[in-house]
Amino acid sequence: MVHDPGNHGDEGGASAPGRTSAPVDAPSADAASGPEELCDLRVLKALAQPRRQQILQHLTVHGPATSATLARALGLNTGATSYHLRELARYGFVEETGASGHGRERWWRAVPGDRRFPPRSRQNAETRLVMDELNHLAYVADLELFEQLQREGGGHEAGEWADAFPYSRGTMRLTAAELRGFFEEYIALLNRYKRSDADTPPGARTVLTRFLAFPAPATPPTTPPATAPLTASAAAEVPPGVLEPAPGASPSAGACDSDDREGTETS
């Protein structure tokens, strides 16, 4: 697993070799130069706090902020945001920018880095519980933000960014080693597009990337998969009877048969 609040967000994937030797309260200065595995349960517990995840997401999407700015954005008080920022800073996830604002304002930013979680095969029961909670928080936050940005930024007024929501679903036949290699190639691709503020061209925006891959079930499920309920507006547009076609019947054609689509689905 990878967590990089400053660049990639939460990324899921293969494990990284090695173990960080720096003390938890004092991450090594060159941690960003290579993968750093977060093995300490204290660090994982500190990260798997809902408010801290929200703070990291805000700093990643909107850039540096003060505790007062974060408090207003997240509906908290400044005492709470200041506490969570100090805890995140303690483990190297955020840092002060050094910029001074009005009075004694302190500005914070997310610290980039290739931080990886231990592979599930090396997690004990307590670590797995923490990781499951952390992953759940990340998945929910990612989906909510994706849907929000689609609703708010998909109009003609957004210009070329109205179509900036690519996605892809597919299947591959891989060995476990090949999947690890695929993941490392993905991380290398992200790093290839990294650049400093000075090298960033006009019109560029922060783009959030997510990676999720997992082996298909070895056997067919014994019970039907749960289906998310339709929203009220979507359900109102569906004629009665079309959700449950007769056994063996072919599904009807989709509403959009164009090849101009946001994502791909391959197998």
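View 1. Partly exposed denotes the range between buried (under 20% relative accessible area) and exposed (over 50%), computed with a 1.4 Å probe on protein chains only. The model is predicted: local features need pLDDT of at least 70, side-chain atom pairs count only at pLDDT 80 or more, and totals for chains, interfaces and linings use all residues. Residues are numbered from 1 along each chain as its sequence is written, and side-chain values use heavy atoms, with hydrogens and water left out. Arg 42 and Asp 40 meet through their side chains in a salt bridge, 2.9 Å from N to O. A salt bridge here is a side-chain nitrogen of Lys or Arg within 4 Å of a carboxyl oxygen of Asp or Glu. Asp 40 is also partly exposed, at 23% relative accessibility. By the salt-bridge rule the count comes to 10.

**View 2. The salt bridge between Arg 120 and Asp 132.** The closest N and O atoms of Arg 120 and Asp 132 are 3.1 Å apart. This pair links distant parts of the chain, with Arg 120 in the loop between strand E7 (115-116) and H5, and Asp 132 in helix H5, 12 residues apart. Helices (H or I, at least four residues) and strands (E, at least two) are DSSP runs, numbered from the N terminus. Arg 120 is partly exposed at 42% relative accessibility, and Asp 132 is partly exposed with a relative accessible area of 35%.

**View 3. The salt bridge between Arg 210 and Asp 142.** In this pair the closest N and O atoms lie 2.9 Å apart. Arg 210 has a relative accessible area of 34% and is partly exposed, whereas Asp 142 counts as buried at 19% relative accessibility.

**View 4. A network of salt bridges linking Asp 114, Arg 116 and Glu 184.** Side chains of opposite charge can pair when their charged atoms come close.

**View 5. The aromatic pairs, 4 by count.** Rings of Phe, Tyr and Trp (its six-membered ring) pair if their centres lie within 6.5 Å; planes under 30 degrees apart count as stacked, over 60 as edge-to-face and the rest as tilted. Phe 146 and Phe 165 form an edge-to-face pair, 5.9 Å centre to centre with 75° between the planes. Phe 146 lies in helix H5 (residues 125-153) and Phe 165 in the loop between H5 and strand E8 (167-170), so this pair ties together parts that are 19 residues apart in sequence. Phe 146 is partly exposed at 31% relative accessibility, while Phe 165 is buried at 11% relative accessible area.

**View 6. The tilted pair of Phe 182 and Phe 211.** The ring centres of Phe 182 and Phe 211 are 6.0 Å apart and the planes are at 40°, so the pair counts as tilted. Phe 182 lies in helix H6 (residues 176-192) and Phe 211 in the loop between H6 and helix H7 (232-236), so the contact joins parts 29 residues apart in sequence. Phe 182 is partly exposed, with a relative accessible area of 34%, and Phe 211 is buried at 12% relative accessibility. Ring pairs link Phe 182, Phe 183, Tyr 186 and Phe 211 into a cluster.

**View 7. Arg 205 over the ring of Trp 161.** The charged end of Arg 205 is 4.9 Å from the ring centre of Trp 161. A charge sits over a ring if NZ of Lys or CZ of Arg is within 6 Å of the ring centre and within 35 degrees of the ring normal.
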